[in-house]
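Morning, everyone. I have one structure to walk through today. Please bring it up on your screens.

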Amino acid sequence: MLREIRINDIVTVYQAKRAMLNATVIDCGDSVVVVDTLHLPEDSRELKEKLGGKPVRYLINTHWHSDHCYGNRFLRDETTTIIAHGDYMETITSERNVIAPNARSILDRKNLVFPDICYFASIQIERPISISILHTPGHTMDSSVVYLPEGKILIAGDTILTGPGDKVAVPYFYWGDSDIYQLSLEKLGWLDIDTIVPGHGEAVEASYVQNHTSYLRSLKKQFKEYIANEKPINVDPDELSQKIIRAIPQESCVPGTVSEDFWVPVMHELNIRKLVSETM
């Protein structure tokens, strides 16, 4: 059963139990705009029921990871326009090969719903309400956010991640690029934001953007210092990654925390593996 979280009179988040995955519904009166569509079929079907029969005018996917867009086929109706970044289809069709390169099965393209509109920098919707879709690469290279200027609400996809309660979630760039991610977060600092709806976890205030930025800066600084001091040459990438994971625990990148404070610790480890792959 989806958890319903009301942000304001027109914005409601529906959160799946699995991975605290969020889909956001913007009520436009006689229609709705849906941002991301969940992963499990039963969750996406329940989300459709929550719409109360209102047609989906726009369906926006923040990035290509299947947990944010695989439910498109359950939400789309005859009047729906699906919007996604231009790299979306190229990347989603290769997801299975990226995640499990030795697996025999491939993603069933029959379950994919192609975007009607693709963009590469930003796109503006003026009716039925003002919505800005901004390209914020880093988590993935097609990652985007949805900004509602009237409510000062940022629907961030996985560009921003939070966790349950007081748990800390770190920005996750295994599928993207840490430097570009930092630039995207700095771009968000120019927006007038009161509330951020993350791709996973609880809604937070705008200051959470700075938490992500600080983590990235600290991780990259410590990583560069390690490489400069150790000067690894002809080292197995997996072995080097394990050494750096031990040398740079995630709590060293977030002042005032201990290891038990973090949600999904593997994200930090995968970030380090990504930095190693970029360096070797």
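Where is Pro149 found? Pro149 sits in the loop between strand S10 (144-148) and strand S11 (153-155). Helices (H or I, at least four residues) and strands (E, at least two) are DSSP runs, numbered from the N terminus.

Ground rules before I go on. This is a predicted model, where local features need pLDDT of at least 70, side-chain atom pairs count only at pLDDT 80 or more, and totals for chains, interfaces and linings use all residues. Residues are numbered from 1 along each chain as its sequence is written, and side-chain values use heavy atoms, with hydrogens and water left out.

Back to Pro149. With a relative accessible area of 32%, Pro149 is partly exposed. The cut-offs: buried is under 20% relative accessible area, exposed is over 50%, and partly exposed is in between, with a 1.4 Å probe and protein chains only. Now find Asp236. Pro149 and Asp236 are 87 residues apart along the chain, and their C-alpha atoms are separated by 48 Å.

Now the whole protein. The protein has nine helices and twelve strands. Its radius of gyration is 19 Å, close to the 19 Å that the globule rule gives for 280 residues, so the protein is as compact as a globular protein of that length. That radius is taken over C-alpha atoms, and the rule is 2.2 Å times the number of residues to the power 0.38. The C-alpha trace spans about 60 × 45 × 35 Å along its principal axes. Of the 280 residues, 52% count as buried. The protein exposes about 13200 Å², and carbon and sulfur atoms supply 51% of that area. Those areas come from the Shrake-Rupley method with a 1.4 Å probe; for residues, only the protein chains shown count as cover.

Next, contacts, meaning heavy atoms within 4.5 Å. Take the contacts with a separation of 6 or more: residues 24 or more positions apart account for 64% of them.

Strand S1 (residues 3-6) and strand S2 (residues 11-15) run antiparallel, joined by four bridges. Two strands pair if DSSP finds at least two bridges between them. Glu4 has Tyr14 in S2 as its bridge partner. The hairpin from S1 to S2 goes through four residues.

Follow the chain past S2. Met20 is in the loop between S2 and strand S3 (22-27). Its phi is near 50°, a positive value in a residue other than glycine. Met20 is buried, at a relative accessible area of 11%.

Lys231 also deserves a look. Lys231 is in the loop between H7 and H8. Its phi is near 45°, again positive in a residue other than glycine. Buried or exposed, then, for Lys231? Exposed, with a relative accessible area of 59%.

One more backbone item. The peptide bond from Arg127 to Pro128 is cis, with omega near 5°. Pro128 lies in the loop between strand S8 (122-125) and strand S9 (131-135).

Now His63. His63 is in the loop between strand S5 (56-60) and helix H2 (66-69). His63 is buried, with a relative accessible area of 1%. What does the His63 side chain make a polar contact with? The side chain of Asp158, at 3.3 Å. A polar contact is a pair of N or O atoms within 3.5 Å; within protein, one must be able to donate a hydrogen and the other to accept it, and residues adjacent in sequence count only if both atoms are side-chain atoms. Leaving aside neighbours within four places in sequence, the contacts of His63 include Cys69, Tyr88, His139 and Asp142.

Last stop, helix H9 (residues 266-279). H9 has 14 residues and reaches 20 Å from its first C-alpha to its last, close to the 20 Å expected at 1.5 Å a residue. The expected span is 1.5 Å times one less than the number of residues. Buried residues in H9 include Met267, His268, Ile272 and Leu275. Their cover includes helix H6 (178-188), helix H7 (208-230) and helix H8 (237-247).

At 0% relative accessibility, Asn271 counts as buried. Beyond four places in sequence, its contacts include Val170, Tyr172, Tyr215 and Leu219.

That's my tour. Over to you.
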